[in-house]
Structures are given as C-alpha cells and as structure tokens.
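This report covers the fold of one chain, its contact with a second chain, and a few residues in detail.

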Amino acid sequence: MNYFIHAHAPGVPKPRFYRMSIERLTHVVLLMKLTTFLILAFSLSVSATATAQKVSLRVDHASMPSVLKALRKQSGYAFVYNPAYLKGTKPVTLDITEKDILEALPLVFAGQPVDYTVNDKVITIVPKPHSISGGRTSEAHLAENPILAYPEVHGRVVDSLGNPLVGASVRVLNAEGKRTTLQTKTDGDGYFLLRNVPDGYQLEISYIGHVGTNVVAAADVGTVVLQSAPSELEEVEVMVNTGYQQLPKERATGSFVQIDNERLNEQIQFNVLDRLPILTSGMVMDRNAKLSSGQMLVRGVGTILGNTTPLVILDNFPYEGDVGNINPDDIESVTVLRDAAAASIWGAKAANGVIVLTSKKAKPNQKISANFSTLTAIQEKPDLFALDLVNSSDMIDVEQMLFENGYHTGIINSVSRPAVSPLVELLIKKGNTTDPEEVGDIEREINRLRKRDVRDDFLRYMYRPGLQSQNTLNLAMGTNRFAWNASAGHGINRNDLGNETNRSNFLVNSRMYISKRLRIDGGFNVSFLRSKSGRPGYGDINAYSNGLFPYAEFADAEGNALPVIMNNRLSYLETLTDPELLDWKYYPLEDYKHNRNTQRSTHVTLTSGLEFDLLKWLKLSVNYQFQTQRGLSENLQTIDSYEARNTVNMYAKRNPQTGELEFPVPKGGMLTSTNDAMQAHNIRGQLAYHWQSNDHEVVGLLGSEVRSHSFQNKSDKLFGYNPENLTHTLIDLTRQHTYFISGGQAFIPSGIALNQRKNNFISTYANGAYTYRQRYAATFSARRDASNLFGLNVNDKWNPFWSVGASWELSKEDFWHSSMVDYLKIRATYGSTGNLDPSKVALTTIRYVGTNPYNQLPYAQVQTYVNPELKWETVSTTNVGIDFSLLRQRIKGSLEGYLKVGKDLYGSTPVDYTGGTDPIIIKNVASMIGRGIDLEMNTMNTGGVLRWSSHLNVSLNRDKVTDYYLKNESASSYIRGSTNSVTGRENYPVNTMYSYKWAGLDSQDGAPLGYLNGEVSREYRQFTGSAASVNDLVFHGGILPKWFGSFGNTLEWRDFAISFRMSYKFDYYFRRATIRYSRLYGAWDGHGDFYKRWQKSGDEKITNIPAMVYPVLSGAENFYAYAEPFVERGDHIRLEYINFSYAIPLAPKWNLRRLDVSFNINNLGLMYNRNSAGVDPDYSSFSSVGISPATIYSLRIQCAL
Amino acid sequence: MRTKYKFLLVTFLPLLVSCEKFLDQKPDQKLTIPTTLEDLEAMTNDLIFWGGIDAAAISSDDYTISDANYDGVSSDSHRRMYTWEPYDIFDEGSTSSPWYRTYNAIYLANSVEETIIKIGRNAANASKYDNVRGRALFFRGSKLFRASLVWCEAYDVDQSASQLGMPIKLDTDFNKRSFRSTLQQTYDQITKDLEAAVKLLPRTAASLYNPSQLAAYAELARVYLYMGNYEKSYAYADTLLGLKSDLMDHAEIDNTPTYPLPSLNEEVIYVLSIGTPQILNLTRSLVATDLVDSYEAGDLRKILYFSANTDGSHGFRGGRYQGGSSLFIGLATDETYLIRAESALRTGRKQQAIQDINTLLASRWEKVDGISAYKPIVDMVDSDLLAKILLERRKSLLYRGVRWYDLKRLNRDGANITLRRTVKGKEYVLPPNDPRYAIAIPGDIVKMSEVEQNPR
C-alpha cells in the first residue's frame, strides 16, 4: 500500500518533546504461516468493509467533512486529509443515486480549493497546488514528510493546580466511541503528540487518581485539565496471579512481587528462572552455602536441612518437568509469592515461596497480532588465567623434591601400575642412565615442560566462544466468541565447550466463550529438548587422583593429538606390545569425539478448563492438566573412545592353554542409555464467590484438587556395541574377571538400574476476602494436604495450613489530604506453611538397590531408621507491609518486614551410632527465626527530554537458631566439609562461618600453629578432633548475605534507552581455598598461595601460608585450611548487565506496530569486592577452582505487527 | 438450581472416593517397609558388602613398611594404627568407621529379629525363615565378636566379669543410651547368638558370601579358642572338619598370576574381607623378615604367598581368597585345622594334633613324583609341638588379622612378646599386655554416649 500524503500544519507550535507511540493504527493485510500446525489468512480493513462501491447522497449545503464522512461510510473508501485543508471549503449541495464512488468524487470536489488522489481504496485530499505556500509539488512535499500520514494532534494534560501530569494516557476513540489501538502517554511536561488521528475522532484522556475526560481531536487540543478523583484508582489495577485466582493487587494483603515481560527480557538466560534472582525483591542466588550449583532462596532459609527450592507453577499447576524446557519468550509475567498469606494456598510445598509463571494469553476482541523476537548471544571464552595456580616450573621442582624423597617408590612398584607424570618418567629414565647425552636430552625436555601451561592448550583446543540464539513467533487474536494465541520458538544454547542444547517450543492457548455464562479453556505446550556433549573443559581431564599436571600437552607442534596419562603409566603401556590389545592411551583431543552424551526429551502439557457462572456471584471452574516428559539419554562410547578401549583391555585374559588373549568384554563400543518418563495429572474443582454492593465486597474460593505425579527410569548398558548395525554382545556379569594389569578381580559393572516413584496428593482449600468501602480488607485462607507418604497413618497424612490478613488503604480515607502521598496502604498477614520431604520417614524402610553380584540375589539397604518422634516442619510467617506512591507516582513501591518462625525443623545431627544408625542422621532438631525487610522502589528521577527511572531492591535477611534440641558442641561438625553445614547453636545464624583460632606460623619451620586449651600448640589432631569444642572456634558470621538486592536504571532519550543493573550482597563470609600440600603432592593441585608460603624465619610476620614440608604434617591441613586467615568477607557489587535499546521509528507503510533492537552485555564482573584475596565470592567454590562466568554479548530484535 | 447442585456433586465426588487407596500407594517402588521374608533376606544380602575391621591386620607384626612408604600412606588413621597410638585411631562420624559398620550390621540383624517374629514360622516358610533368622543371629554374634577383639582386652576367664566388654544392642531403638557390658556378658551374647545360628542355618549356603552352619561352627571354634575354652573349640573345629575338611593342594597352583591363590577355593567357608588398605598392599608392606626366613625348603607357601622384591624384601600376595586385591579375613579350613591341632594338644589329644598339623603341611609342600615332599612329624615334646603349631599358625594365617588376636591371647597366657617398630629413626614399643592392645574407641562415641574409653 502506498499513501500519497499531503500534510501540513502551518503555525502550529511543535511540542518540545514527543514520543512515538509504538501502537499504530494501520490497515493490515496479513498472511501468516506457521508451518507446524497453523495456516491462517486474514484480511482486515479498518474504515469499512470492502464490498460497497456505489454511493447515494442527497445533501443541501452540507459541510465538506460531513459529506466525506457519509461517503466513507457508504463506500468503504478511506479519506486521508488534514482538517486544516477543509477550512476553506465551500458547503456542498449534491444529489446522486447509486453512483460509483469514483464518478461521484469529481462532483463533490468541483469548485473546491482542494483536490484528491485515489490509490487503492484510499482517497487522499490535497490542497490544490496554488494554495501551498512556496508552490511546491505534492511529490516534493512527500519526500520531506514521509511519516506524516494523518494530521498530528497535540496537547497538554495538567491537573487542577496546573501541574503537568506525567504519563497520563491519551487514547483515540473511533467514530463509535470505542478505543482504537492508537494511544500515547504524556511526557515529562505533560505534553503529548499523536499522529494519524482521523478526523472526527475523540481522545480519551485519563490519569490515575483523576477523572478522565474526552475531547475532540484537533490539531491543537490545547491544555486539558483533569480533576483529581481520590477514590478512583482503577488504572493501577495490577492483577496478581496466585495460580488459583487472579486478584487485584489492591485487594491483596499478602506479599507478592510482580515481574513483567519487559523486565524479564532485559536478561538473556536460557532458563527463565535464572533471570529472577536479581530482579526479585527478597530473592537471592546463594552459591556459598551449597555447592557450585547454588540455591535460589526467597527470603532466606526457612528450613535447616529441607529443600529450599521454591515451588514453580506454570499456568495454575506445579511444573513437574525441567524448567529449562520453558521458552522465556512465552512467559507473560512472573509473580513471586513470598509470605504465608500468598503462599499458604499452595500448602505443603510452599514454605520456600512460590514462583508463578504465566504464559501469554490472548484477550477477546483483539485483532490479530504477531510478535517476533530473535536473540543472538555470544559468550567469551573463560579467563582460565584468572586462576591462581602454581606454574609448571615450580610444580616440576615440587615433583623432583618428592621423587628424591622416595614418594613415588610405592607408586612405581605397584602392580596396578598407577600413572606417574611425564616428569617422573623422565626422572626414572635419568636415574637409569649414565650416558651424558641422554641426560642432556632429558634435561632439555624437562626445561621444555617448565615453560608449558596446559591452560594454553585448553583455550586453544577446547574452548570456543559460546553461542546462544532464541527465536520466537507469537500470534494472538480474539473475537467475542473465541480467543487464541499460538507461539513457536526455537533456541540453541552452545556453551564455550560445545555442549549444545536445542529447544523447540510450541504453545497454543485458547478460550471459547460458549455462552454468557460458560467459558472453556484449552491449550497445549510442547517442548522438545535435545542436547549433546562437547569438549572437556578445564578440570574435566584428570590424569590420576582427580588432578592434571600443569605441563600437560594435548597436541604436538604439528597439531597432532598427544596422549595424556590416564590411570596407568604410559611407559608401562608402551611395553604392552601384544597386537591383540587395543591402544590403551588417552588422547584428550580425540576422545570427546568418540564419547558422546546425548539427551532428548519431550515435555507436553495439556490443559483444559471450564468456567461456569452458576449465579451472578458464583462461578464454578474445573481445571485439568496433564504433563508428561519422556527422556532418553545416551552415552555412546565407541571403540575409539578411551573408556571403551580401556574396558576391553582391562579384562583381557591370557588363556593359559593356547596363550591367546581372550576378551570377556568384547571389542566394540559401549552404549549406556537411560529412559525416563514423568507423568503428572492435576484435577481441580473450584467454586469462586464474588459479591459486591456499594460498601461491601466479598470474594471467596472453595476447592479441592487431586494430584498424582509419577516418575520412572530405566538404564542399561550394552557392550560390544556397533552403532553401524546395532549389534552388541552379551557378557558375563555374574562372575568376577581378572584385571589384566594388576591381577585383581572384579565384576564388570552392569549399568542396569530401575526406579519408579509416585507421589499422590489430595488437597482441599478455601480462601476469602472481605472489603469494606474499598479500604478495609480482611482475608483468610486454609488448606489441608494429604499425601501417600510412608509410615504415617491417614490422619497424620493430613496437614493443615492457614493464613489471615488485613489491609487498610489510608489514602482513600476522607481525612487523607496529602499532596505528597498519592497512595498508601498498610497490610499485615500471618500464617503457616509447611515443608514436606518424602524422604523423611518415621519407620525403618529399606530400599532395593539391585542384584548383589556376589550371590546374584536382590539386596536392600536401610533407607530410614525407625524414629517415631519424627514430625513435619512448619514455618509460620508474619508479614507487615506498606505500599505507597508518592509525588504523583514518581516514586512507587512497597516496604515489607517479615518474621518467619520455623519449628521442628529437620537437622542433620551426629548421634551415638552405637544405636546402629548412620553417624549423622536427620531428625527434628531445631527451631529458627528469620527476620527481614524487603524494599522495592520504582522511581522516575527525571522527566523531560532525558527520562531516567530507577528500580531498587533492598533486602535484609537475618536468621538465627532459637532452639536446638540436641546439644552438639563438637567443633568438627561446625567446620568440616567443603561447605558449611548447618550449625545448631542457639542465637547464632543458621548457616555460620567458623574457623579455627590461628596462632600464626612457627618461626622455626613455618608450621601452622593453633591453640590447645589456650596454649599455642601443634597438636592438630587434638584441637581439630573430637576433643575440640565449638567454643574453641572463632565465629565470623553468617554465610548467607545479610543485605542484598539490585539496582536497575533506565535512561530514555527519544527512541533510545539504556538500562543497566547491578546486584549486591553484603555482610557475609566465605571460606577461600589455599594451598594444600597433600593435594599438591597427590594431584598436582597447586593453589597460588604456594608463592606466599613461609620459606625462611621471619616470613611468619608477613604470611599465613604454612611452609611446604614433606611428608605433610599429620592433621595440619584439617586445621589451617579451616583457620581464621582463610575466611573472607563476601561483600561485593556486581554489574550484571547493560542493555541498549532502540525503538525504531516506524513508517506506516512498514505495517509494523513495533520494531525494537536491543544490544545487551551480561556478566560484566565485579565493581566492588571486599575481600583482599581478589576471589569472586560467588564463584569461589572452596573445594574446586572457580572461574567467574565470562561476558556475554547479545542482540535482540523484537518486532510486532 | 437442582441440576446445578447435582452437577457440583458429580464434579467433587470423584475427589472424595477411594482417597484411602490413592494415599496408600508407594512413593518409591524400591522403598519398602520390610514385612516379608524376602525383604529380610534382601537386607541380609546387603551385609555381604560390609567388610571386616582392618585395625587388627594393620596393627599386627606380620609386616613393616619403609619410611618413604610410611610417608606415602594417605590414611593418617592407618599410620596411627601402625605405631599403636593410644587415641584417635578411627575416622569419626563417618560411614566408613568400623564402629559404625559393626553396629549398623547389628541394627540390621535386630531389625530382622524384630520383624521376623511378626511374620511367624510355619510349615511353608520354615526353611527360609530359619535361614534368614540364622543369618541375622550369625551377623550379630560374629560382628560383636570381631569388634570385641579390636576394642577389648583379651578375654580372661578369671576377670571377665570385671573386664570391659562391648555395648550390646538387641533392639532397634537408637535413642537408648549405650554403655559397655562386661566382657563376660559380651562373650555370653556372642556364643548364644552363634550357637542359636548353628541350629537355624543350612549346612552350606548358596554362596560363600552368605553365612552357613559351617561358618557358624568355624566362628565358634575361633571364639572358644580365644576364650581359652579348648574343649569347646576342639569340639566345634572337630565338628566342622567332620563336615568339610578340604585343603588346597599347593603343588597344583599356578604361581604365574599376580595373586596365585584361586579365589573362593575349596578351603573357604565364609568370605569376609578388608579391602586393600594401602599400607598393606603388595608393594608397600614388607613381610617381616623373621617370618619369611622361617619357611623351610619345599614349603610352597613361601613361593605362593610372597613376591620377592629386588632388594631382597618380600611383598605379600597370598590371602586373596575372594578375588581382587582385597585381603581375606574370613573363615577357611586351614585355620580350623590349626585350631583343632592347638585345642587337641591343649586338651591332651596329642595324636590328633600331630595328625592335623601333618595333614595341613602335606598340602603345602611341593611334590616329588606325585607325593608330598613334606616330612611328617612323628612325635615331639608337648611344648615344642605347641610352639610348632603356633608358628605354623603364623605362617599360614599372616595378613588375615589373626596375628593381633593371637598376640593378645598368647601374652595373656604369658608368652611375653614385645613388639617394636622403627619409623624414621623413632622406635615404637608395644610391651605385652599393654592397654593399647585394646584399641581406642572412637572419641565421638565416648563423647556422645556412656561408653567408657579403654584405659590409656
């Protein structure tokens, strides 16, 4: 379509600043194709239907506009013009009957100062050339003003005091008074500008807290004054979705956090949950208390040992599949339920908070719309050299020292021929020769190794920049009978090691309005996930005892793959010349190609629902959801993989009669496959009650649901597998086979496993809310859950959870006359939620593990020990909050305080295991309280040309153990392990950082010194053993951050916006790694603290790193690695992302509603780091070396039509 | 209206019916509350994986290790056993702790005892019932016995009522406080359980990893030998050898494999192992020189048990009766022959003693023209014969954990053996009847219960 445009608005002052409206009224002709399941052809014309061609008109001195209006109605042709042109037109007198529009037009315009052009079905009215100042041709004018299609309308909106209203909405109403999609909002000074407003249309101007008004569109609407109306606040009616009901946030008493699609999309994580922690007030990703994977915590911990993962709901029901299946582009909004009133409706699994994901849904009476978004991201290679390590040369010196001390003698003589490093091989060779030439060669080789760093090889051969892409097409449309939306998405996530995940998603949601009282919902959501493994990364290649020497080489100078020792000595393997044996060496550069893990899974969610208005105030709904996930993971190790060759060789046996080698494990590949299947059925019946009179409003829910979730998996392993023709060979798993090298015997692991689990739940629930005069509200909710847990009577299986709440909207009171505070609500709730863990049972239960290879009979292990005292954990939460809006919405937010009291919490506690239980068992051991504050604030800092808005989350969370039933003072249980287990000490935090008291280093030999009974001592075993008490330890503080949150800013100028977000964590401790000489000697694991070690007398004044001694001082590492100097503060500020976006101004002929381009940089690193060691506290896993995630650059294009 | 309520009823009714059944489904198909004999049998099958206690083998004087290898031993606990430290020997709070393994096995046995009574014995299940119950009692008695050898002094019949025994656990209530019984009570319980097991267990088990009546006889012979009740040890050893008297003809064993003794060979009665403690492995531990030198020419044990190192020292490659490199500390007929020989001599059955020692050694000697080159003992002074039997015991049963107990009981009877070890120039001495023969009980147990630490 083309427009011939003549538009001119002489003498109209331009607003100083305006924003393009992203929504634009256009004539849309669409032809869309969605390959999998939809083919749609759709055609729409805004002005009229396309059939009428003939017109009849009888007018006497009618105004030109009224004539045009009549013609438009009859013909279906659209008129495009600037009303100013019609000012000089003469009244029209005409009498035509059934004339073609094209014949009628010359009659209409005869003798008028304007002319017209017709293009397709659009009639553009233009002034006759002589009336234009400067006498330019219409074509020339067009070239200068390509965008202006319809006249512009501009104006300003102020309140009764003359203050500009910022962000007031201005909507265009059509001739029938219905809202069109054309709308805008006022800028920082109250001005607005709309383009393409057809003549005669009205503008609907509204602003929160003010009485809206309609004005007739004109080039200059002038200043519109809105009167304030304190009792009308419908504009901010944000709906929160609890998974059971949609309720206006205004009426809620509980604690909800809403995150909209826009903000979610400022991040690029493949898994939508990963985007939440830094956006959500009160949520934190802890990577300190639990190992590397981390845990998502909502308002800190509410349990000591129980599960801390929040419950995830997708479209009204718990999502049982892998959340990674969900396409983030399909998510419309996220609601996080933080307190008991919000979460108690979810009962037994809600103690850790609930995350409710809502997928996109169409609304009725909506024209077809299409959204397309595409994201491409590139991740840098990791900075391996940021790791603080002992370099190759010094490692070689250490090994030489060990060699000279006979450390390797036992290893060299061992019949199992364990691996020794290339250096040790050289040293052995050197010891066996007297030939000076050979000695020289060996020394040259050692010197060459000194200069190597395996990290170079890793970066060169293993790491590539990571790549991620995600494309999604979304369609939506609705009539008054049927609304539907559909999306198709495809994503690829290939990390820096080539591990690749492919995800395809298809979603359809629909709603049928069968009658005024009956609605039916239906939908499905299918995702296909495929992933395959890539190259081994740093830390994945282990020569021996989980270590790799730093001078390892993956390729020679020509790039040919070199073997790296694995399990057995290379020099020994070279003596195995039997041609029947397979090559026994491991080639890192080749091996991953022959050792592939692949996974496929399909997740399907089917939903159906029915909503029936029984009475005006009573609604019945029935929902059913079915989820299933099928997965197949395979590990194929072809005969070319080390694993397969090693297994074949390992059991090779020489037949004493024939002298031939026999292979109990046949030569061939190995295929391990696991099939798993998950199914979940959810049925819910619910009555919703809603009754309202002038002053009273009652809302209630009563329902019941049944859930059943089952999971099965099955693994097996094929030997002698040939992927070419799917053959395999059976092997004898029933007897032991002799190891070829050591002569020992062992069973061949079968790789067979079977599991089947099922969880059933029946629940009933009710909730209600009463509101008086729209300002006082009281709410309650109650729920009972029953499940098929073991060892409980049916009565005990039912668990009640409940909550009550109240709120008061002060700003609605008559006495409220604050010009500062527009809105103020206070609210309070109290309630209880539970924590349920099916693995904790009060009876002796056994678990069938498999077949005992020794006697071929099934065997079972005790899973739980009889403990009649076991009870459920309960967590009761009190929440107090205020919601506010200040300075005409320039500052909006909420401030909440909460108190969580956990009772009968499970704790792992050491017991006298003479009783026969495990040394550490899980019992109800403690009570705790958690207290905190969550502040969330949105501010508009500047209006005008440069708009700056901020979003701030500040959370404070502190917890402490209030009661610990079992006194355990043993120091080791407060300190041992790579992470800090929960510590049961009253009035101390739940997760604590303790360390051994440090007395420095011995000035004589640099040995670490501690305290034994107050005296400086080296009796490490005494003060780290069972005799040591927690009172001997140094208490540092908690290991979860006390203060945390994020700070996001958005700067907008014209169509550009920059947003960036920082996250921060303050006031917590972590234990950092240091050199451990036993790991240095045994596994080449050299922490860079090696260089700061004590080396001579006097060093003890400047360092805390003990001297290197061989053999290691017995018990010393259990002491110093856990002593004071290695506990650091974790406080830091991290720059999470920067997002540049540009909303491309749209030309009408593009037929687009929106075209946004954004460029995003993620993982920008630390802006502030408190600890002196320079360790990233979130990625400093104590037991392994941590690397901060590398920077990701991404480009996103979003387009809507 | 009425139809509406009916509709409601139809909607909600399915939710209310068969609720009970729905909630009684198993959450984990593999998880079971043990109720059947099959469940109990499966529990006893798990005990097969539980090894024995390695402290005795490591503390014994069967071997020494070099300073370099001592430094290279990764287990601090093993190094401390080697030098007979008075305290802090075992890893605490760990599932690898032998204290845990002992009492966890006893817990399993008690679970079986408690449950099997509810099942009840009838004609249909009698043989399985007896077998499972017999296994439970065997485990309880045997685990308690082997624990007492580590943590208690040698049983002394005159003082046993005042000697410290082991805590005795006869039910599954782990909340009960633990305390030490007297050694007499401990041995009463051991013999009671094992003697009951004898009556319940089948003569032989389907697998040598499962207890059988033969195993119970062999274990009882051992128990009474340590108690100094030679009449009974003779009786049990004699009963056993009446039922099973197989011996491996060492002359027919191929000595080329690394571990030449066939696994699960004909001498094995019941398998129990201690893994391969690094400190005892083939290349680190060196067999005590006096012991190596004591083998006579023609004795094949010297060839089959030892691997000669280039420096003249010897590693131990025998005793791997269950395959792999794990050391065997279970029950076998060679030990029973030695028990019968010793008990026979001590109860005045000298001819039996001589015959037993001859039978055993004949199977250990090389053959000339198909006939054992061993020269049988015809007669000997009693004291010499006893010394000979005890020496053969040492030479046959080294690295089987037996030596430590023998040291305890022989010193109790006045053998006056002092152990000495030198590690990096420092000499460690263990005089006869030293309190350290009763190894320290894990410190956390002493702390958390009323279990008394051994006198130090």
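Among contacts in chain B between residues at least 6 apart in sequence, 70% join residues at least 24 apart, where contact means heavy atoms within 4.5 Å. The model is predicted, so local features need pLDDT of at least 70 and side-chain atom pairs count only at pLDDT 80 or more, while totals for chains, interfaces and linings use all residues. Residues are numbered from 1 along each chain as its sequence is written, chains are lettered from A and ligands numbered from 1 in the order in which they are written, and side-chain values use heavy atoms, with hydrogens and water left out.

Chain B has 18 helices and 11 strands. Helices (H or I, at least four residues) and strands (E, at least two) are DSSP runs, numbered from the N terminus. Along the principal axes, the C-alpha atoms of chain B fill a box of roughly 110 × 50 × 50 Å. Of its 456 residues, 61% count as buried; buried means under 20% relative accessible area, exposed over 50% and partly exposed in between, with a 1.4 Å probe and protein chains only.

Helix H17 of chain B, residues 402–412, is mostly covered, with 10 of its 11 residues buried. Among them are Trp404(B), Tyr405(B), Leu407(B) and Leu410(B), and also the charged Arg403(B), Asp406(B), Lys408(B) and Arg409(B). Gly414(B), which follows H17(B), has a positive phi near 95 degrees.

| Residue | Place | Relative accessible area | Contacts beyond four places in sequence |

Ala57(B) and Gly401(B) are 344 residues apart in sequence, yet their C-alpha atoms are 4.0 Å apart in space.

The contact between the two chains takes 78 residues from chain B and 88 residues from chain A. The area buried between them is about 7100 Å², and carbon and sulfur atoms give 60% of it. Buried area here is the accessible area (1.4 Å probe) that two parts lose on being put together, summed over both. Leu23(B), Lys30(B) and Phe174(B) supply 12% of the area that chain B buries against chain A, more than any other three residues.

Nine residue pairs, both residues at pLDDT 80 or more, are in polar contact between the chains. A polar contact is a pair of N or O atoms within 3.5 Å; within protein, one must be able to donate a hydrogen and the other to accept it, and residues adjacent in sequence count only if both atoms are side-chain atoms. The elements of chain B that give two or more residues to this side include helix H1 (2–16), strand E1 (31–32), helix H7 (98–119) and helix H18 (443–448). By class, the side has 31 nonpolar, 27 polar and 20 charged residues.

Strand pairing also links the chains: two bridges join strand E42 of chain A, residues 845–852, to E1(B), and the strands run antiparallel. Two strands pair if DSSP finds at least two bridges between them. Ile846(A) stands opposite Thr32(B) in E1(B).

Within chain A, 13 bridges join strand E44 (residues 873–886) to strand E45 (residues 891–910), also antiparallel. Leu895(A) in E45(A) is the bridge partner of Ile882(A). The hairpin of E44(A) and E45(A) has four residues between the strands, and Leu887(A) there takes a positive phi near 50 degrees.
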